[in-house]
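Student: Please give me a close look at a single part of this structure, and then go on to whatever else can be said with care.

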Amino acid sequence: MRAYPIRVKHTTQSPIIHTPKRPRRGSRPLIPLRSWPMQVLQGIPVSSGVVIGRVAVLDDIASPRIPRRAIASGDVESEIARFESARASSVAELNTLHTEAQEELGPEAAKIFLFHIGALSDKRAVTDPIHEKIRTDLVTAEYATWRILHELAQKFASKSDTTFRTKVSDLTDLQHRMLRHLVGAKLDEPKRLEHDTVIVSRDLTPSQTAAFDRDRIVAFATDLGGRTSHTAIVSRALGLPAVVGCSRLTKLAEEGETIIVDGTRGKVILDPDDATIAEYRDLDVAAKARIEALSKLAELPAVTTDGVEIELLGNIEFPDELIKVLAAGGTGVGLYRTEFLYLTSNHAPTEEEHYQAYAECVKLAGGRPLTIRTMDLGADKYTQMQAETPERNPFLGLRSIRYCLQNLPMFKAQLRALLRASAHGPMRVMFPLVTNIGEFRQARMILRDAMEDLEDQGLAYDRNIPVGMMVEVPSVALMAPTFAREADFFSVGTNDLVQYTLAVDRTNERVANLYTPAHPAVLRLVRDVVRASGRYECPVSCCGEAAGDLDFAPLLLGLGVRTLSVTPSGIPPLKRLIRALSLTDCERIVKRAIAFDSESQAADYTRDHLRRLAPEVFDGRAVDEPTGL
Ligand code: PEP
Ligand code: MG
């Protein structure tokens, strides 16, 4: 579990977004009272459920910039003494953390702190250069510390060996620790978090989200982010309510105060009054009753009223989620995002670690469909601190299959592990973000190389393992026949397909209103992919978040998609909708929607029709409640 600093915030302004008329609640012991009444913020709902907890404000993980401040030559020795005192305090803390980690997590996990201690004791690379900088450049201890550790992190980031690159975040952690001692910010590690903690943060990386202590953290709420950002996807995988895009939340929230996160309606309520707390307790009870009722569908098939069976699979980020998929009534896995193996670890996974994860999945799947996607690192699934060279447009940069093709030892280790796991049961391999046929061919060639290596070593694997690809960029959708002739299967990734077709950043809350899979341009691309899939016998499924959106999934069915892969909690409501609709209705709706000029006409038309056709599925939901997410 990685430690992230938590800061105490003191907010002086009182911008009121919404002040209810209800009387303010009486004083509560232990919880700091705000100097203004309850506030309701509207954000983007990304993981449903309601939680009442306490705020913990998380520092930005980006390295703080320390301004260069000059000192007088007479202050050099006292600045060096300040640096040495901060170093001694940091080493003492790290020794304690090392002992605790050894007891709680074992020697392997505790090693990380030895690296930190070693770095702070390294005369050549760290302490001498910092002394030197203070002495010759006449700068403060904090500036010299920040500068030297920053330069060291950049040097590590530029190495081709991943062992160095994975240490970059350690150096950043170390920099934070030293600076907290030097500039006096409060040090507070997440292990001190209370139960029922709601993480409030400007933004979160997917790896941070996945690394939090699941026993203590009950929800997330952030200033930034979009509906299909990977933080949103991980919150859903963890089953934690989350609201993103609340703009000024971190400015308004106070450490330790009561907060309600309504991940179903996208509301965040700071310092709620008694009546609001009671209202939310009732909503929570009603939501749980709804989930309980839906769970009865788990054993039933996902079949439309006119008898067409739809295959409902689950998307997973961690192998043990497969259990949730099956419990929810899914019949296999349509997308395993293996990059989380990388993101939740502080070192590049070894072939053996890859193999263990995939073999576990194959075992848990027990012969059911299992599609494992090779690592989709980059963009928001790779902190820019880790990137060799920070990119100006990471979503258009070195991500996914492009990254793998430039990091062959890492890619090959994963492919070997996948193949070895394929000896234990059925599995399909899928490449992400293919944009041209050369990439697909190259990736498949490397897979064949890995097969030959295994053959030479006498290791077993499935020689006929199906090899497919994601369809998540317009270039592939437009040339779908070319790819369908060579790929064994397609999976449409609407999260990226929408982003790249409409030029809307999927993680940016400021353009979230423009992000819609119901845009006729997106519908036409999906239609063309489905047509090519039929013509060249290349089965197609959809695994983007839109597949679990009750307002969009019927359009996919109408276009001819018969396999949907969604987050495990999205399976029961989707099954209920499928069982309430006929395929003929779905075909009729999409025929009209695809012909509209605008996305709003297409979305409104679809919404209205679905509510008329299956009112019981949509009844009882709040007007702004997301239907499938
Ligand atoms: C997608 O783009 O729709 C997809 C499933 O991939 P990811 O969300 O991991 O980018
Ligand atoms: Mg994608």
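Tutor: Glu 351 lies in helix H13, which spans residues 351–365 (helices, H or I of at least four residues, and strands, E of at least two, are DSSP runs numbered from the N terminus). This is a predicted model, in which local features need pLDDT of at least 70 and side-chain atom pairs pLDDT 80 or more, while totals for chains, interfaces and linings use all residues. Residues are numbered from 1 along each chain as its sequence is written, chains are lettered from A and ligands numbered from 1 in the order written, and side-chain values use heavy atoms, without hydrogens or water.

The side chain of Glu 351 makes a polar contact with that of Arg 416 at 2.7 Å, and another polar contact of 2.7 Å joins the side chains of Glu 351 and Arg 420 (a pair of N or O atoms within 3.5 Å; within protein, one must be able to donate a hydrogen and the other to accept it, and residues adjacent in sequence count only if both atoms are side-chain atoms). When neighbours within four places in sequence are left aside, Glu 351 is in contact (heavy atoms within 4.5 Å) with Ala 413, Arg 416, Ala 417 and Arg 420.

Elsewhere in the chain, Ser 90 has its place in helix H1, residues 76–105. With a relative accessible area of 0%, Ser 90 is buried (buried means under 20% relative accessible area, exposed over 50% and partly exposed in between, with a 1.4 Å probe and protein chains only). Beyond its neighbours within four places in sequence, Ser 90 is in contact with Leu 120, Arg 177, Met 178 and His 181. Ser 90 and Leu 174 are 84 residues apart in sequence, yet their C-alpha atoms are 8.6 Å apart in space.

The magnesium ion, ligand 2, is coordinated by Glu 472 through OE and by Asp 496 through OD, at 2.0 to 2.2 Å (donors are N, O and S atoms within 2.8 Å of the metal, or 3.2 Å for Na, K and Ca; water is not among the atoms, so sites may look incomplete). This pair links distant parts of the chain, 24 residues apart, with Glu 472 in the loop between strand S13 (467–471) and helix H17 (474–478), and Asp 496 in helix H19 (residues 494–502). Glu 472 and Asp 496 are both buried.

For the protein chain taken whole, the secondary structure comes to 25 helices and 16 strands, and 58% of its 629 residues are buried. Among contacts between residues at least 6 apart in sequence, 70% join residues at least 24 apart.
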